[in-house]
Amino acid sequence: MTNEIFMRAALEQAGLGAAAGEVPIGAVLVVNDRIISEAFNQPIGSIDPTAHAEVLVLREAARALGNYRLTDATVYVTIEPCLMCVGALVHARVRDVVYGATEPKTGALVSAVRALEQPGLNHRFAVTGGVLELECRAIIQKFFWDKRRSERVDIET
């Protein structure tokens, strides 16, 4: 039940991202059952290719907690993290990552790459997938469906 509460908070962030015209991926970072930071993808608006929701929650939490090592943290993210984000999560030493829907093209936990299986990593975290999977998948599918429909309308006019 706790996973679903925090994933709903991540979904709220994803909705804010969609409203801002960003790919709607949201994340929250939790320590001791308290949200420390929350964010949505912002690479377009911030003109920063690294401004993924996961990276942004790590940055904000590290500042808030005064430590770049987030060893007691659980990160909830609506979509399976990409390779860049998994690297950042490893470096932050998070304890757990909980995601909603898999990302077959760029997911780096169980889909396109299994990053945590790479030898030489000095940290690994627990992974839980499929939390509120249908809702997480629906928000991103709707975003891209609307985007494609809008592009077709532009072409036709």
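Helix H5 (residues 133–156) supplies five residues to the lining of the largest pocket, and this is the largest share of that lining. The model is a predicted one.

**The largest pocket**

- The space within the largest pocket amounts to about 480 Å³.
- Its lining consists of 21 residues.
- Nearest the centre of the pocket lie Ile79, Glu103, Thr106, Ile140 and Phe144.
- By class, the lining of the largest pocket comprises 10 nonpolar, six charged and five polar residues.

**The packing of H3 and H4**

- Two packed helices are described by two quantities, namely the distance between their axes and the angle between those axes.
- Helix H3 covers residues 53–65, and helix H4 covers residues 83–92.
- The axes of H3 and H4 come within 9 Å and cross at roughly 25 degrees.
- H3 is therefore roughly parallel to H4, as angles under 35 degrees count as roughly parallel.
- The crossing in which H3 passes H4 is left-handed.

**Residues at the H3–H4 contact**

- On the H3 side, the contact involves Glu54, Val55 and Leu58.
- These residues meet Met84, Cys85, Ala88, Leu89 and Ala92 in H4.
- The contact of H3 with H4 has seven nonpolar residues and one charged residue, with no polar residues.

Conventions:
Residues are numbered from 1 along each chain as its sequence is written. This is a predicted model: local features need pLDDT of at least 70, side-chain atom pairs count only at pLDDT 80 or more; totals for chains, interfaces and linings use all residues. Side-chain values use heavy atoms; hydrogens and water are left out. On a 1 Å grid over the protein atoms alone, a cavity is a set of points where a 1.4 Å probe fits but cannot get out, and a pocket is an open set with protein on both sides within 12 Å along at least five of seven lines; lining residues have an atom within 4 Å of a point. Grid points are joined across faces, edges and corners, and a volume is the space filled by probe spheres set on the points. Helices (H or I, at least four residues) and strands (E, at least two) are DSSP runs, numbered from the N terminus. Ala, Val, Leu, Ile, Met, Phe, Trp, Tyr, Cys and Pro count as nonpolar, Asp, Glu, Lys and Arg as charged, and the others, Gly among them, as polar. Axes are lines fitted to C-alpha atoms, for helices over the stretch in contact, and angles run from 0 to 180 degrees between N-to-C directions. Angles under 35 degrees count as roughly parallel, over 145 as roughly antiparallel, 65 to 115 as roughly perpendicular and the rest as oblique. A crossing is left-handed if the near helix is turned anticlockwise from the far one by less than a right angle, and right-handed if clockwise. Contact means heavy atoms within 4.5 Å.
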